[in-house]
Amino acid sequence: MATTSFRLEHFTQADFADYLRLTGDDTVMSMITGRALDEVESRTNFDRILQQNKVNPTFGNFKILDAGTGEFIGLAKLVILNSSDSEVEIGFMLLPEFWGKGIASSATKQLIEVARSEQQLQKIKAVLDPQNKASRKILVNQGFVSEFLGEIDDLPGEVMQLLL
């Protein structure tokens, strides 16, 4: 199946409705938080990702948009907490109708290339539910290896890493 052509753009304050659509979806959130987020929880998280987007213009939380139509597909992130950090966190969430189309794989590959272009970075980490076989496969195919398997915030979790 051909990958949908997409573009990545930083989230802005105007994108909350799309973010809420994503985080308010039980299917999307089942292996992230175990449940959909309500509007207040989503707003708190959204405000945090807007702050993360200010740390370094290369990194942050990106909306994935269909390159042709501009339709919202999901979120991809490459987050650095401080501009001097040597580690970033990568992740993605897609609306269910876009699953299985190669978008998450392509976005992950694109963000890894961004990370590799930054000389101070030494490692990319990803946090996921170990039962999320599709996400795990995407990461393994990009060279990630398991660093930790256990409970994270009272949920099953796995931390995977890719050394740069």
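Student: Which residue caps the N-terminal end of H3?
Tutor: Asp 38 does, with a side-chain oxygen 3.1 Å from the backbone nitrogen of Val 40. This is a predicted model, where local features need pLDDT of at least 70 and side-chain atom pairs count only at pLDDT 80 or more, while totals for chains, interfaces and linings use all residues. Residues are numbered from 1 along each chain as its sequence is written, and side-chain values use heavy atoms, leaving out hydrogens and water.
Student: And how many residues does H3 have?
Tutor: H3 covers residues 39-52, which is 14 residues. Helices here are DSSP runs of H or I with at least four residues, strands are E runs of at least two, and both are numbered from the N terminus.
Student: Which residues in H3 are buried?
Tutor: Ser 42, Asn 45, Phe 46, Ile 49, Leu 50 and Gln 52. Buried means under 20% relative accessible area, exposed over 50% and partly exposed in between, with a 1.4 Å probe and protein chains only.
Student: Where do they fall, seen down the axis of H3?
Tutor: Within an arc of 150°, so they line one face of the helix. The arc is taken from the directions from the helix axis to the C-beta atoms. On the other side, Val 40 and Thr 44 are exposed.
Student: New topic. What is the phi of Asp 153?
Tutor: About 50°, a positive value although Asp 153 is not a glycine. Most residues other than glycine have a negative phi.
Student: Where is Asp 153?
Tutor: In the loop between strand E6 (145-152) and strand E7 (155-163). Asp 153 is exposed, with a relative accessible area of 71%.

Notes:
Expected span 1.5 Å × (residues − 1). Polar contact = N/O pair within 3.5 Å; in protein donor to acceptor, adjacent residues only side chain to side chain.
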